[in-house]
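Q: Can you walk me through this one? I'd like to start with the helices and end with the rings.

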Amino acid sequence: MNAIELNTIENWYGTNLEDKLKGRRIVLEDIEPILKQLKTPFELSKIGTSERGKNIYQVKIGTGPKKILLWSQMHGNESTGTKALFDLFKYLEQHLNNKDSFVDDLLSTCTLVFIPMLNPDGSEAFTRVNANDVDLNRDAVALEAKESLLLRNVLDTFAPEFCFNLHDQRTIFNVEGFKNPATVSFLAPSIDVERTLTEGRKETMSVIVAMNQILQKLIPNHVGRYTDEFYPTATGDNFQKLGYNTILIEAGHYLNDYDREIVRKYNFYSILSGLNYLTYTQKHTNYEPYFDIPNNGKQNFDVILRNFKVDTNQHEDVAFQYDYEVVNHKLITKLVEYKRGDLSKYNGYNEF
């Protein structure tokens, strides 16, 4: 296995990330011009449209027998993975020209298919759901939404060995045992309520172990493990159940990084190190360290007012979370009360 040189990658990333994409709200009009500028060996194709007729694209690169499917923004308000994928496109493009051995090996070993924005209607409105209020990540069985049918069609046609399912998680998540936010969380989804440890789950866990090893060098104790409770209608659970090993990456919070510009970098590193592992590893048996990754906790808030005076004889803590809405095509941030009472067991990123 060709180890990723972190210093080299960090130096490259600092000046080469896709700077046309910034902020939390990434819409189709942001990515479409970049997609259309991709050159051979990238293959761009339109695979369909959303409920409101917005284009949904696929990017394909590589000629190898190992097939890997990656998608982002099935929840329209979760764009960190999208930014990381476009950073990856730039990395592949630039290192192709430089004859980078890893990129050459990756593209001769693997065929990669990307769906950078599965839910463009939700992305426009900055909502989790699509235009018909369907949560695509809970539509894997009913296949009620056009977007869900498109993803399933790609899955059935392409038949990947591994999938990367890219999401964002809320700022409430910390790494269990630490005050640190869960900057990145991973999951090897369950296939049943018993959370059976199948061979496929072990293979998925092995990829996550490799990604976590890289992140621990960069952001120690900022990586969590998302709950593996079985969700019968969820995409990852069903894809894993069908035999397509599915790696869930949840981009979380990093201190003062509400636009997730720092977190996108760690997402990029995660994906790159996962692809590196899959390029050079044939037997995915190193799964046990997956269980050493701490679980996600739910002990952090964006703002806590401590000892807030309710009346003459009563004080309590009040926690707030940032919420977002689109007004006149711009993303507006507001602070919303979330919880009050004795919050001594909780942490605030900002406390007063």
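This is a predicted model: local features need pLDDT of at least 70, side-chain atom pairs count only at pLDDT 80 or more; totals for chains, interfaces and linings use all residues.

Q: Start with H3. What span should its 18 residues have, and what is the distance between its end C-alpha atoms?
A: Helix H3 covers residues 80-97. At 1.5 Å a residue it should span 26 Å, and its end C-alpha atoms are 27 Å apart, which agrees.

Q: How many of the H3 residues are buried?
A: 15 of the 18 are buried, so H3 is mostly covered.

Q: What follows H3?
A: Lys 99 follows H3, and its phi is positive, near 55 degrees.

Q: On to the four-stranded sheet. What is the strand order?
A: The order is E13-E12-E11-E14. The sheet is open, and its pairing is mixed.

Q: Which strands stand at the edges?
A: Strand E13 (330-341) and strand E14 (347-351). Each has a single partner strand, so one side of each lacks a neighbour in the sheet.

Q: How many degrees are neighbouring strands turned against each other?
A: 50 degrees on average, with direction ignored.

Q: In what sense do E11 and E14 pair?
A: Parallel, over four bridges. E11 is residues 300-311.

Q: Which residue in E14 stands opposite Phe 301?
A: Gly 348.

Q: New topic. How many salt bridges are there?
A: The count is 19, taking a side-chain nitrogen of Lys or Arg within 4 Å of a carboxyl oxygen of Asp or Glu.

Q: Take Glu 18 and Lys 20. What is the N to O distance?
A: It is 3.9 Å. Glu 18 is buried, with a relative accessible area of 5%. Lys 20 is exposed, with a relative accessible area of 55%.

Q: Which residue does Asp 135 form a salt bridge with?
A: Arg 128, with the closest N and O atoms 2.7 Å apart. Asp 135 counts as buried because its relative accessibility is 16%, under the 20% cut-off. Arg 128 is partly exposed at 34%.

Q: And Lys 202 with Glu 199, how far apart are they in H7?
A: Three residues, so about one helical turn separates them. Helix H7 is residues 199-218. The side chains meet in a salt bridge at 3.3 Å, N to O.

Q: Is Lys 202 buried or exposed?
A: Buried, with a relative accessible area of 18%. Glu 199 counts as exposed, at 54% relative accessibility.

Q: Which residues do shared partners join into one network?
A: Lys 83, Asp 87, Glu 261 and Arg 264, through salt bridges.

Q: Now the rings. How many aromatic pairs does the structure hold?
A: 20. One of them is Trp 12 with Phe 268, which is stacked: 5.7 Å centre to centre, 25 degrees between the planes.

Q: Where in the chain are Trp 12 and Phe 268?
A: Trp 12 is in helix H1 (residues 6-16) and Phe 268 is in helix H9 (residues 263-280). They are 256 residues apart, so the pair links distant parts of the chain. Trp 12 and Phe 268 are both buried.

Q: What about Tyr 290 and Phe 291, what angle lies between the planes?
A: 85 degrees, so the pair is edge-to-face, with the centres 5.4 Å apart. Tyr 290 is buried at 1% relative accessibility. Phe 291 is partly exposed, with a relative accessible area of 39%.

Q: Which charged end sits over the ring of Tyr 290?
A: That of Arg 225, 5.4 Å from the ring centre. The charged end of Arg 138 sits over the ring of Tyr 231, 4.6 Å from its centre.

Technical notes:
Residues are numbered from 1 along each chain as its sequence is written. Side-chain values use heavy atoms; hydrogens and water are left out. Helices (H or I, at least four residues) and strands (E, at least two) are DSSP runs, numbered from the N terminus. The expected span of a helix is 1.5 Å times one less than its number of residues. Buried means under 20% relative accessible area, exposed over 50%, partly exposed in between (1.4 Å probe, protein chains only). Two strands pair if DSSP finds at least two bridges between them. Axes are lines fitted to C-alpha atoms, for helices over the stretch in contact, and angles run from 0 to 180 degrees between N-to-C directions. Rings of Phe, Tyr and Trp (its six-membered ring) pair if their centres lie within 6.5 Å; planes under 30 degrees apart count as stacked, over 60 as edge-to-face and the rest as tilted. A charge sits over a ring if NZ of Lys or CZ of Arg is within 6 Å of the ring centre and within 35 degrees of the ring normal.
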